[in-house]
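Open the model in your viewer and keep the selection tool at hand. This tour goes stop by stop.

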Amino acid sequence: MKNTSPSTSDLLNDLAKLASEGRNPDTLNIDKLDTLELLTTINAQDQQVPLAVAQVLPAITQAVDAIVAAFQQGGRLIYMGAGTSGRLGVLDASECPPTFSVPADRVIGLIAGGPEAMFRAQEGAEDNIELGAEDLRQLQLTNKDVVVGIAASGRTPYVLGGLAYARQIGATTVALACNTGSAIGRAADIAIEPNVGPEVITGSTRLKSGTAQKLVLNMLSTASMIRIGKVYQNLMVDLHASNFKLEARALRIVMQATEATEAQATTALKTADNQVKLAILMLLSGLDKAAAEVRLAQHKGVLNTALSGEF
């Protein structure tokens, strides 16, 4: 494996060009503020983040449509990044199975340095351009998949290597950076580049940049899941009730969607083998379990269209 780290002079020149690495004129004296003033300043900076994300909604739309198309043909959504960016991708991926009952291998998060890097930095991993490609090879990447490379700076070698390999395979590539005109943006089919400006603490991109990345990742996974029928109205009708709290939430969702009593919802869920979507369809349509399963299959699991058809 090769280490592609640039010289110190080259790196300094690169960082000097990045908005996320600049000094924030509004926080130059932050170390002299009292606690409330300090928090007020951070909060004011944070309020700029969703406005920056709003400016890149067209690119996020392109990415969501690509992810939906991938899911519909059996493809996967794969996030990859280093440090904070990698951790945010892993976090978003790990929350999809319980929230939307998708297989654990449908949305995948890769972090430079492997699982250990979630808790402790793995020296040199993010600078290894070949490691990004190798991690995707291990997943047996195909042209049906979507790879989202995440890097606040937009220049992380691990991500660049992964995106280059993904394009070679024919997978759809998306870049998520917090600097416009980024290297990963140029290397991807779709570039999502919210410009959040300099951080509260210079170069600490776990702050505004990390918040922007989290907002965008929320959109990518949530909007894609809605588009493939994992949500009915605004209810998580495909959640996996894996603990007592989620079992109670599943029951509440059935009651909210159908106005059924607790007893009616409990019976429907039991009959539906705890499948929330199926229980709702049975209650609202009057279909028995077998007929409801057929109707859901006919409508590719989209409850809204299954309910709008003739019974």
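**Starting in a loop**

Select Asp-273, found in the loop between α11 and α12. Helices here are DSSP runs of H or I with at least four residues, strands are E runs of at least two, and both are numbered from the N terminus. The phi of Asp-273 is near 55°, a positive value in a residue other than glycine. Most residues other than glycine have a negative phi. Asp-273 is partly exposed, with a relative accessible area of 48%. Buried means under 20% relative accessible area, exposed means over 50%, and partly exposed lies in between, with a 1.4 Å probe and protein chains only.

A word on the model before moving on. It is predicted: local features need pLDDT of at least 70, side-chain atom pairs count only at pLDDT 80 or more, and totals for chains, interfaces and linings use all residues. Residues are numbered from 1 along each chain as its sequence is written, and side-chain values use heavy atoms, with hydrogens and water left out.

**The whole chain**

Zoom out. The chain has 14 helices and 5 strands. Its C-alpha trace spans about 70 × 50 × 35 Å along the principal axes. Of its 311 residues, 45% count as buried. Look at contacts next, meaning heavy atoms within 4.5 Å. Among those in the chain with a separation of 6 or more, 65% join residues 24 or more positions apart.

Select Thr-258 in helix α10, residues 244–258. Is Thr-258 buried or exposed? Thr-258 is buried, at a relative accessible area of 16%. The C-alpha atoms of Thr-258 and Leu-284 are separated by 6.4 Å, though the two are 26 residues apart along the chain.

Step on to Glu-259, in the loop between α10 and α11 (262–271). Glu-259 is exposed, with a relative accessible area of 73%. Glu-259 has a positive phi of about 60°, although it is not a glycine.

**α12 against α13**

Select residues 276–285 for α12 and 289–298 for α13. Their axes come within 9 Å and cross at roughly 110°. That makes α12 roughly perpendicular to α13; angles of 65 to 115 degrees count as such, under 35 as roughly parallel, over 145 as roughly antiparallel and the rest as oblique. On the α12 side, show Lys-277, Leu-278, Leu-281 and Met-282. On the α13 side, show Lys-289, Ala-292, Glu-293, Arg-295 and Leu-296. This contact of α12 with α13 has 5 nonpolar, no polar and 4 charged residues. Here Ala, Val, Leu, Ile, Met, Phe, Trp, Tyr, Cys and Pro count as nonpolar, Asp, Glu, Lys and Arg as charged, and the others, Gly among them, as polar.

**α6 against α7**

Move to α6 (residues 129–138) and α7 (residues 157–169). They pack at about 50°, with axes 6 Å apart. α6 and α7 are therefore oblique to each other. Contact residues of α6 include Ile-129, Gly-132 and Leu-136, and those of α7 include Tyr-158, Gly-161 and Tyr-165. By class, the contact of α6 with α7 has 9 nonpolar, 3 polar and 2 charged residues.

**Last stop: Gln-213**

Select Gln-213 in helix α9, residues 208–227. Gln-213 is buried, with a relative accessible area of 1%. What is Gln-213 in contact with, leaving aside its neighbours within four places in sequence? Show Ser-85, Leu-88, Ile-150, Ala-151, Ala-152, Leu-176 and Cys-178.

Terms used: Axes fitted to C-alpha atoms, helices over the stretch in contact; angles between N-to-C directions.
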